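Here is a short tour of a protein and DNA assembly, taken one surface at a time. Keep the sequence and the model open beside you as you read.

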2 protein chains.
Amino acid sequence: MKEQWIERIIEQAKDKYARTGVRLTTKRKRILKILLVSDIPLSAYEIADSYNNAFGESIPEMTVYRILNFFEQEHLSHKLSSTNKYVPCSHHSNSCTCEAPQFLICGKCQTAEEISISKAVMGELEKVALKAGYSLDESQLELKGLCNKCIGSEE
Amino acid sequence: MKEQWIERIIEQAKDKYARTGVRLTTKRKRILKILLVSDIPLSAYEIADSYNNAFGESIPEMTVYRILNFFEQEHLSHKLSSTNKYVPCSHHSNSCTCEAPQFLICGKCQTAEEISISKAVMGELEKVALKAGYSLDESQLELKGLCNKCIGSEE
DNA sequence: AAATGATATGTTATAACATATCATTTGGTT
DNA sequence: AACCAAATGATATGTTATAACATATCATTT
């Protein structure tokens, strides 16, 4: 069940941060939960609104941004630069480094799925770049399209 | 010479817009020129500053955005969503539709080069997407890395 | 228990990026 | 000249994000 799944992710995160000082506070847990239960990426403001609705308590924008930055450092969430919205990292393991997250974004229902593009395919992109005189870092990719559900429901 | 090259692009644009009503006004020409002479992508505010410096005349932000939107429609420029900056389209021909511009962005000197990724490679990305249940639209890609110049000058 | 230090959050202000709306001007057409 | 559409100006506002400084909270040491 979804609740348990979320709790497990939070537990994992807690373990991960059972190192010097870093705390997974109530606010951080709540915001992580908000990201996890949302079907779609949320803006910082939407997160703040959601926090308000869900917990009957308002949270300053500033704090939301700080927590999102914390999540980014800790690879708990990512920012989609094409939409200025935030998603939880889908790699709930200690091994994930998430240096170059890659997403499929549905232009209709706004869902964003984090995927892994194979080294082979990324290698192709790197080749293209090399030809043009660039050496690629790990680049976050945001690919736009339609998800199966939305393709099915097109008029 | 660069000046002539720019004039030619503007002439081409003018021809292209010799259709009902649409005008390539002085302001539009100047802003196109600013984009063309800049080595790096510019923000809307930087464009306004540049306009001021180059022509001793200030231009409202609003107008800059409007002109950028006009350029976008007309495929004369593109927006880089990862940096909120704007670049001239590098396809100076009437045939260009630029539905999915693709860029290499240098993380050091900020240059952005518009490239064409082959259908074969894009096809690979589409396959990855299909497996994950998405059908790709033409996606703008922004790949980060280092250009040859900057690789050479690394310490 | 009090002091200290580190981490987290609150508060306020402001920067940076962008759009809405309505008034006015401009330039081509009749 | 009169008209009309297109472009621009002017003003207000919305949205996204960071800076700067103060306070709270928690853990550790004294």
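How do the residues of the surface near DNA strand C divide into nonpolar, polar and charged? They come out as eight nonpolar, five polar and seven charged, where Ala, Val, Leu, Ile, Met, Phe, Trp, Tyr, Cys and Pro count as nonpolar, Asp, Glu, Lys and Arg as charged, and the others, Gly among them, as polar.

## About the model

This is a predicted model, in which local features need pLDDT of at least 70, side-chain atom pairs count only at pLDDT 80 or more, and totals for chains, interfaces and linings use all residues. Residues are numbered from 1 along each chain as its sequence is written, chains are lettered from A and ligands numbered from 1 in the order in which they are written, and side-chain values use heavy atoms, with hydrogens and water left out.

## Around DNA strand C

DNA strand C is surrounded by 20 residues, the closest being T25(A), R28(A), R66(A), M62(B) and K79(B); a residue is near the strand if one of its heavy atoms lies within 4 Å of it.

For T63(A), a polar side-chain atom lies 2.9 Å from one. An N or O atom in the side chain of K27(A) is 3.2 Å from a phosphate oxygen, and for the side chain of Y65(B) the distance is 3.2 Å. The elements that give two or more residues to this surface are α2 (26-37) and α4 (61-73) of chain A together with α4 (61-73) of chain B. Here helices (H or I, at least four residues) and strands (E, at least two) are DSSP runs, numbered from the N terminus. With four residues, α4(A) gives the most.

## Where chains A and B meet

Now to the protein interface: 33 residues of chain A are in contact (heavy atoms within 4.5 Å) with 33 residues of chain B. About 2,600 Å² is buried between them, and carbon and sulfur atoms give 66% of that area; buried area is the accessible area (1.4 Å probe) that two parts lose on being put together, summed over both.

Strand pairing also crosses this boundary. Three bridges join β5(A) to strand β6 (residues 141-147) of chain B, and the two run antiparallel; strands pair if DSSP finds at least two bridges between them. Y134(A) stands opposite C147(B) in β6(B).

Note on methods
A polar contact is a pair of N or O atoms within 3.5 Å; within protein, one must be able to donate a hydrogen and the other to accept it, and residues adjacent in sequence count only if both atoms are side-chain atoms.
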